[in-house]
Amino acid sequence: MPEPAATQRRTRVDGGALATHAVLVAGALFMVFPFVWQALTAFKTMPESVQVPPTFLPNEWHWDAFSQVFTAVPFMEMLTNSFLNTLGRTLGQLVFCSLAAYAFARMQFRGKNVLFAVFLSVLMVPAQLLILPQHEIVQKLGLLNSIPALFLPGMFSAFGTFLLRQFFMALPRELEEAARIDGAGPFRIFWSVMLPLVRPALAALAVITAMWSWNDLLWPLVVNTDPATMPISAGLTSLEGQFMTNYPVLMAGSLIGSLPMIVLYLLLQRHFVQGIALSGSKG
Amino acid sequence: MRRRSLLTGALAAPFAAAAATGCSSKGGSSRTSGGRTTISYGMWDTLQVAGTEKIIKAFEAEHPGISVQIQLTPFPSYWTTLKTAMRGGSAPDVFWMNAVNLQMYAEGGALRPLDPFIERDGFDMAVHPEELLRMYSYKGTRFAMPKDFDTIGLWYNKELFDKAGIKYPDDSWTWDTVRDAAAELTDPRAGVHGIAAEMSRQYTYYNTIAQAGGYVIRDGRSGFADERTIEGLRFWTDLIDKGHSPSQSAMTDTRGRQLYLSEKVAMNYDLSAMASQMYAAPAIKDHGGVAVLPEGRRRGTVIHGLASAISSKSEHPEAAWKFAKFMGSRKAALIQASEGVTISSYAGTQDAWVKSMPEFGLGVFIDMLDYAVPYPASRRTTVWENLQPQLLGGPFTGKGGIESASRTLARQMDLALEQEK
Amino acid sequence: MAVFPSTAAAQAADRRRSRAAERGSTPSPRPRRRSQRSAYLFIAPIALGFLVFYIWPLLETFWFSFTSFGVFGGNTWVGGENYEGVVRDVTVGQALGNTVLYMLMGLVTLPVAIVLADLMNRRGLRGVPVYRALYFLPFVTMPAAVGLVWNWLYNGDFGMINEALSWFGVDGRYWVSDPSTAVYAIGAVMVWSHVGYYLIIFTAGIKAIPRDYYEAAEIDGAGPVRRFFRITLPLLSPSIFFATVICVINSLQQFDLIFVMMSPENPALGETQSIVTLFFKWAFQENAQGAAAALAFLLMLLIAALTYLQFRFQKRWVHYA
């Protein structure tokens, strides 16, 4: 086509953006649809929710399920428990994992490789395998049916250590060297030079850990049998009957239960997508 | 052992402080405070919580020194959680028990034998159906107090029967009547099947196996190689092969009960405990009905019920027994029955349940007690129960003959039973 | 490349500075004692946690695997009997095959997530935060709801997927109860639910790539595709390596989705069983904890071998700064 080069270039760029949007929108629909279905089910009556063929939109919009959640289980208490559990695990991982990750990535010490292999082996254990002995330990600590029982083992994560190690390893060495010449000790270098540089990774780890803690199921069910100490993920399963489940209430509950995580994600998103520009970092 | 306690001790210190100040923490599941003994009662059904709370209130009024706390664990994780807690010694004092698990728990020493209490207090156990008492005994010792029971009935849809011009099921029905009716009621254009031949132990084939004169397990041997047992299974697979029932593939996606509630099948064998759910569906409340199970070579229905068992690790066995006994009493049975969720097992207390849903004529479930067969179990019931869907799945989806599948099942089940010993 | 301070300059400096510089001259064959000590201090807290909550239970479970496990306590030593039983059991072979299949399907998530992360990193693209939030939704949805919703979509007679297929005249199947499709149906949900998760990791990774590199490439006239292969992929390689290791481990431990999507009566149960669901069935339903522990240790051996290989070969493609 005999068009000026400038115009051609512009349309190509716009076309590219358009194609990008097309791909992303199509994907997003696929990602969102089950969530929409979940929301719609929450507005149906119990018989309508199990009716075949299923209705897409509710015949009538019922809000009952949303209020029933609060009476069917101690919902607010469970939300608080979930919050404390998530907070405990996330803070624990951020602190413990970043310390260890830094050592593995940036320090030389005897037995480093062996220790790291041991750490990784923790990652390879299926969680279900350790339930019995872990339960026994928590019980020996006298912590069954308590909030610490929920988050204690989850505060220590091989995953988090590994994740942060990768990010520490990807950092250029110049800043560390400069700080060292300035006479900063290992902890100072870690805390004020290196840690700020892996902020995106810390935010990512926080989101992932928070999500896992929030939705964790088997462990809370085993250690905390008292509904007053259960997190929301475990509490909601009590809506699953042996013969029949009240789907609208379950859906409404899991919808409300997911909201705090969505909010948290939106808040943290800014941090882990905030690129670091080396020239601008304060060190 | 010593090393572990050192390790855990070191770690416990900071958290012991946290536990003492606010964070609610209980070492075991029972405790005594201010002269009042608190015991816990483990159960899994949300629907029964309200009724149980009423019973507890009545119990506490009679026994001011004891208070009872419900521990609700959803069914999907109930047994996992209980087993873990049992091993650690933090299980509830009294908890729901079913037939599948009784022998394993009794053999493992997890349950406190009830005989000494029963004899001492002179409690008349004969008020509960004999089948249930046998179900909850192991090697001649009683281990749990029955509270309710379930039998299976033939649920049908009057509107679909009217449309096909067929008389409603009643106690004159036999297998042949079912087969004929299923054929007549099947209407492919409306997407309606005559019956739901779901691959389900308790709802379908254990019942027809008994009606054919077969058995599931006897003297530690599998009954699946028995001709009569196979006849009981074939009753269902024939219905699928003829297209009078959806196949098991379809019913994995949409359970038979769901199809019945949505008026997509005219007949469904289902639990008495489902009555309240059926009643909540407007269409079924309006034109649903239930009849006794049709007769094969003989009559039969599977009976199962839940019972309250006492943990052998309970620190308050006396209080636990008092509560278990109360759960099996006439007073508790009447409260339970009036909730309309489940049939009380105490003789003569079922009226309230039957009357709570007058449209259905639920009396048939109690009539069937005369010929009910107990839900089969052994010490490791789950092992051979898990084999069944694996091996019978083919024939129930129209692939492979039921006879060879059933014989294979018998062989594998016998191997599993061999390992129990 | 990092600029190392010359040793001569360091020696000339004051005491404090010289200490710092010596520590800086890594990698040295014999690290100094003080540096070692602080490294151990950095690792100590988490190591203690691991010891109590993971390593010790792991050793205890390892012992279980050589015992016949009393359900309510009391184990008796049986030697290698459990391991023999596992190796001989035919269902283990099938579960292993399925597990490997889950791993391969799980790995499909990675390229999808990398491309999405790159697309969302395009300069000047609007609505990126919205996309990110939407792709993240599956990850926040509670597991019970995930199983339920997908089973509805997959429903053979009344599901959306078959409905959509029928518009194009295609006959659907009973996706989750047909033994030949069930494992793929679960795999698809696995990809669906994990894309958002890897997207987070890759987004953080891409954002850690200094903008300057892209700007320099742009000045050199490199298009988006070229930039993707020349800058994004190599500089993202530590994250990709991490994600691959994690993905292999996670998908070999596939459990939750199978558990919530496959009912016990499902005729395709055997065809979808993974090692961990089999472990769960043995340990918690059939009370064969000893054999179950043996099975889990064999799985760990497999995972360890695969992870070792990945670390072994990372030098060939992973670029650390």
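In what order do the elements of chain A run from the N terminus on? Select chain A and trace along: the elements go α-α-α-α-α-α-α-α-α-α-α-α-α-α. That's 14 helices and zero strands, where helices are DSSP runs of H or I with at least four residues and strands are runs of E with at least two, numbered from the N terminus.

Quick note before you click on: this is a predicted model, in which local features need pLDDT of at least 70, side-chain atom pairs count only at pLDDT 80 or more, and totals for chains, interfaces and linings use all residues. Residues are numbered from 1 along each chain as its sequence is written, while chains are lettered from A and ligands numbered from 1 in the order in which they are written.

Next, colour residues 5–42 of chain A as domain 1 and 73–280 as domain 2; these bounds come from an automatic or database domain assignment. Taken over C-alpha atoms, the centres of the two domains of chain A are 32 Å apart. Look where they meet: four residues of domain 1 of chain A are in contact with six of domain 2 of chain A (contact: C-beta atoms, placed from the backbone, within 7 Å).

Now show chain C as well. Here 91 residues of chain A are in contact with 86 residues of chain C. Helix α1 of chain A (residues 5–42) supplies the largest share of chain A's side, 13 residues.

Finally, zoom out on chain A. Its C-alpha atoms fill a box of roughly 80 × 70 × 30 Å, taken along the principal axes.

Notes
Two residues are in contact if their C-beta atoms, placed from the backbone, lie within 7 Å.
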